[in-house]
Amino acid sequence: MRVRIDREKCIGSANCVASAPTVYRLDENDKAILVDPETIDEETLLLSAESCPTEAIILEDDDGNRVYPS
Ligand code: SF4
């Protein structure tokens with residue numbers, strides 16, 4: 001699974017950091033950045049993406065097809 005963050009949409013709520021602290025952290029501008037998406041399973045990755053209030057976390061499969069948000 002590929003993970004991208006739309007930093008224009010990110011409002012720094014840190015829901016993603018709370019749900020997957022090994023995958024995301026906030027940078028000095030309080031915007032989420034990726035740490036290591038490989039550290040959790042895909043179900044937890046999906047839950048963390050769903051926790052984002054602005055749908056700023058985009059998941060794609062290995063072929064580049066959108067998985068979330070649909
Ligand atoms: S949950 Fe969404 S809005 Fe909040 S910090 Fe993470 S990416 Fe940004």
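**Ile40 and its setting in the predicted model**

Ile40 is partly exposed, because 17 other C-beta atoms lie within 10 Å, whereas a buried residue would need 20 or more and an exposed one 12 or fewer. The model described here is predicted. Ile40 is located in the loop that runs between β3 (32-34) and α2 (42-50). When neighbours within four places in sequence are set aside, the contacts of Ile40 are Ala20, Thr22, Val23 and Leu45. One of these residues, Ala20, is 20 residues from Ile40 along the chain, and the C-alpha atoms of the two are 7.8 Å apart.

The protein chain as a whole contains two helices and five strands, arranged along the sequence in the order β-α-β-β-α-β-β. Its C-alpha atoms occupy a box of roughly 30 × 25 × 15 Å along the principal axes. The radius of gyration of the protein chain is 11 Å, which agrees with the value near 11 Å for a compact globule of 70 residues. Of the 70 residues in the protein chain, 21% are buried. Among contacts with a separation of 6 or more, 49% join residues 24 or more positions apart.

Terms used
Residues numbered from 1 in each chain as written. Predicted model: local features only at pLDDT ≥ 70, side-chain atom pairs only at ≥ 80, totals over all residues. Helix = DSSP H or I, 4+ residues; strand = E, 2+ residues; numbered from the N terminus. Contact = placed C-beta atoms within 7 Å. Rg over C-alpha atoms; globule rule 2.2 N^0.38 Å.
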